[in-house]
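Hi,

Here is the structure we talked about, ready for you to open. Have a look at it first, and then read my notes below.

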Amino acid sequence: SKTRPTRRPRAGDTAALPALADSIQADGAKSAFGRDPRLHHFVRGLLLAARGDLDAAADAYQKALYSPSAGFSRINLELGRTLLALGKPDEAAEVLSAALRGPLDGGNLYISRTEIHELAGYAWEAAGHPDSAAAHFHWVSRAWRNADPRFQDRLDDVRRRLARLVL
């Protein structure tokens with residue numbers, strides 16, 4: 001079954017990203033935190049993905065990962081989306097699952113766990129692991145059962161996939 005198209009919440013204006021990445025790189029080099037010197041790779045990955053260079057974007061996101069489970073989980077999400085788009089669902093599922101094993105605070109607050117579960121469901125489904133996909137889709141279905149209307153299309157898709165997987 002076909003995965004849903006990627007959704008990236010940005011306005012599409014990437015003109016400022018190179019300067020932002022350079023600034024983050026300069027500031028990150030001065031930081032004692034291990035994750036900070038790597039963060040500029042994430043911004044570069046966003047730019048590369050927007051330009052359609054998914055292989056280079058995946059490489060940049062990999063370089064941005066400080067810890068697969070205790071870093072910034074938004075990096076895991078974007079890397080997972082990119083790997084899925086590159087036809088590497090097993091790798092996507094693994095990087096997304098790592099984010100779900102991380103703590104519920106810190107860098108894991110920059111994306112909701114439900115969004116990670118949603119994309120993990122698509123990745124496991126594409127990788128041919130229906131039981132794993134169903135577990136993630138079930139999580140999403142429960143989490144969004146009373147969600148705002150803007151989530152309705154995504155919830156409907158998850159429920160359709162879940163119904164097919166548990167037959």
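Let me start with helix α5 (residues 89-100): its 12 residues reach 16 Å from the first C-alpha to the last, close to the 16 Å expected at 1.5 Å a residue. That expected span is 1.5 Å times one less than the number of residues, and helices here are DSSP runs (H or I, at least four residues), numbered from the N terminus.

Before going on, please note that this is a predicted model, in which local features need pLDDT of at least 70 and side-chain atom pairs count only at pLDDT 80 or more, while totals for chains, interfaces and linings use all residues. Residues are numbered from 1 along each chain as its sequence is written, and side-chain values use heavy atoms, with hydrogens and water left out.

Back to α5: 9 of its 12 residues are buried, so the helix is largely enclosed by the rest of the structure. Buried means under 20% relative accessible area (1.4 Å probe, protein chains only). Among the buried residues of α5 are Pro89, Val95, Leu96 and Leu100. Their cover includes α4 (73-85), α6 and α7, where contact means heavy atoms within 4.5 Å.

Leu96 turns up again in the largest nonpolar core, which has 40 residues; Tyr61, Ile75, Leu79, Leu96 and Ile116 have the most contacts inside it. Such a core is a set of buried Ala, Val, Leu, Ile, Met, Phe, Trp, Tyr and Cys residues joined through side-chain atoms within 4.5 Å. Elements giving two or more residues to this core include α1 (17-29), α5 and α8 (152-165). Leaving aside residues up to four places away in sequence, Ile75 touches Leu39, Phe42, Tyr61, Ala64 and Leu65.

Now the rings: there are 3 aromatic pairs in the structure. Rings of Phe, Tyr and Trp (its six-membered ring) pair if their centres lie within 6.5 Å; planes under 30 degrees apart count as stacked, over 60 as edge-to-face and the rest as tilted. Phe42 and Tyr61 make a tilted pair, 5.8 Å centre to centre with 45 degrees between the planes. Phe42 sits in helix α2 (residues 39-50) and Tyr61 in helix α3 (residues 54-64), 19 residues apart. Both Phe42 and Tyr61 are buried.

Tyr122 and Phe137 have ring centres 5.3 Å apart and planes at 65 degrees, so this pair is edge-to-face. Because Tyr122 lies in helix α6 (residues 113-126) and Phe137 in helix α7 (residues 130-143), the pair ties together parts 15 residues apart in sequence.

Happy browsing!

Conventions
Buried means under 20% relative accessible area, exposed over 50%, partly exposed in between (1.4 Å probe, protein chains only).
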